[in-house]
Amino acid sequence: CDTLNRRVVSEVGNSQGLTPEHFIFLAQKVFNENSLNVEDFREREVSWTQFNKELLPGRGFTFWQWFDGVVELSKKCLKSYWSDRLIIGFISKQYVHKILCMQRDGTFLLRFSDGDRKS
């Protein structure tokens with residue numbers, strides 16, 4: 001997680017790095033598990049194969065290809081929004097639904113697609 005955080009901070013060019021919630025989402029994605037408990041991931045290590053060789057389940061790209069695409073998009077188009085914490089970014093569709101169901105009509109948030117590298 002620290003390596004991914006350093007990448008975001010250095011590439012997006014600000015001090016607003018990843019949050020603990022982002023780390024949980026990224027761990028869920030790389031390990032293909034849905035646990036919401038950070039302790040389930042704390043001591044686990046990601047192999048190079050998991051990180052950059054194996055395709056994500058049901059996708060035509062690796063974890064690194066997806067993550068790098070999100071960082072590039074943020075760097076080119078969303079830098080100020082990320083810096084101001086106006087983008088939640090790394091959050092699952094299921095959690096978005098749970099959050100938005102409790103909000104007023106018209107409330108929205110920005111999240112990074114986890115099914116497409118280009119959005």
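**Close-up views of a helical model**

View 1. N32 is exposed, at a relative accessible area of 54%. The cut-off for exposed is over 50%, so N32 qualifies. All views show a predicted model. N32 sits in the loop between α2 and α3 (48–52). Its backbone deserves a look. Phi of N32 is near 55 degrees, which is positive, and N32 is not a glycine. Most residues other than glycine have a negative phi.

View 2. R85 lies in the loop between α5 (79–83) and α6 (93–101). Its phi is positive, about 60 degrees, although R85 is not a glycine. Is R85 buried, partly exposed or exposed? R85 is partly exposed, with a relative accessible area of 35%. That value falls between the 20% and 50% limits, which is why R85 gets this label.

**View 3. A27 in helix α2.** A27 belongs to helix α2, which covers residues 20–31. The relative accessible area of A27 is 9%. Buried means under 20%, so A27 is buried. Which residues does A27 touch beyond four places in sequence? They are N32 and F41. N14 is another matter. A27 and N14 are 13 residues apart along the chain, and their C-alpha atoms are separated by 23 Å.

**View 4. Q65 in helix α4.** Q65 is a residue of helix α4. Its relative accessibility is 33%, so Q65 counts as partly exposed. How far apart in space are the C-alpha atoms of Q65 and N52? The distance is 7.3 Å, for two residues 13 apart in sequence.

**View 5. Helix α1 against helix α4.** Helix α1 spans residues 2–12 and helix α4 spans residues 63–77. They pack at an angle of about 30 degrees, and their axes are 9 Å apart. Angles under 35 degrees count as roughly parallel, so α1 is roughly parallel to α4. The crossing of α1 past α4 is right-handed. On the α1 side, the contact is made by L4, R7, V8, E11 and V12. On the α4 side, F63, W64, F67, D68, V71, E72, S74 and K75 take part. By class, this contact has seven nonpolar, one polar and five charged residues.

**View 6. Helix α2 against helix α4.** The angle between α2 and α4 is about 145 degrees, with their axes 10 Å apart. Helix α2 brings F25, L26, K29 and V30 to the contact. Helix α4 brings F63, W66 and F67. How many nonpolar, polar and charged residues make up the contact of α2 with α4? There are six nonpolar, no polar and one charged.

**View 7. The largest nonpolar core.** This core has 24 residues. Those with the most contacts inside the core are L18, L26, F63, W66, F67, W82 and F90. Helices α1, α2 and α4 each supply at least two residues. The largest share, six residues, comes from α2.

**View 8. L18 and its partners.** L18 is one of the core residues with the most contacts inside the core. Which residues is L18 in contact with, once neighbours within four places in sequence are left aside? L4, N5, V8, F23, L26, W82 and F90 are its partners. L4 and V8 also belong to the contact of α1 with α4. L26 also belongs to the contact of α2 with α4.

Conventions. Residues are numbered from 1 along each chain as its sequence is written. This is a predicted model: local features need pLDDT of at least 70, side-chain atom pairs count only at pLDDT 80 or more; totals for chains, interfaces and linings use all residues. Side-chain values use heavy atoms; hydrogens and water are left out. Helices (H or I, at least four residues) and strands (E, at least two) are DSSP runs, numbered from the N terminus. Buried means under 20% relative accessible area, exposed over 50%, partly exposed in between (1.4 Å probe, protein chains only). Contact means heavy atoms within 4.5 Å. Axes are lines fitted to C-alpha atoms, for helices over the stretch in contact, and angles run from 0 to 180 degrees between N-to-C directions. Angles under 35 degrees count as roughly parallel, over 145 as roughly antiparallel, 65 to 115 as roughly perpendicular and the rest as oblique. A crossing is left-handed if the near helix is turned anticlockwise from the far one by less than a right angle, and right-handed if clockwise. Ala, Val, Leu, Ile, Met, Phe, Trp, Tyr, Cys and Pro count as nonpolar, Asp, Glu, Lys and Arg as charged, and the others, Gly among them, as polar. A nonpolar core is a set of buried Ala, Val, Leu, Ile, Met, Phe, Trp, Tyr and Cys residues joined through side-chain atoms within 4.5 Å.
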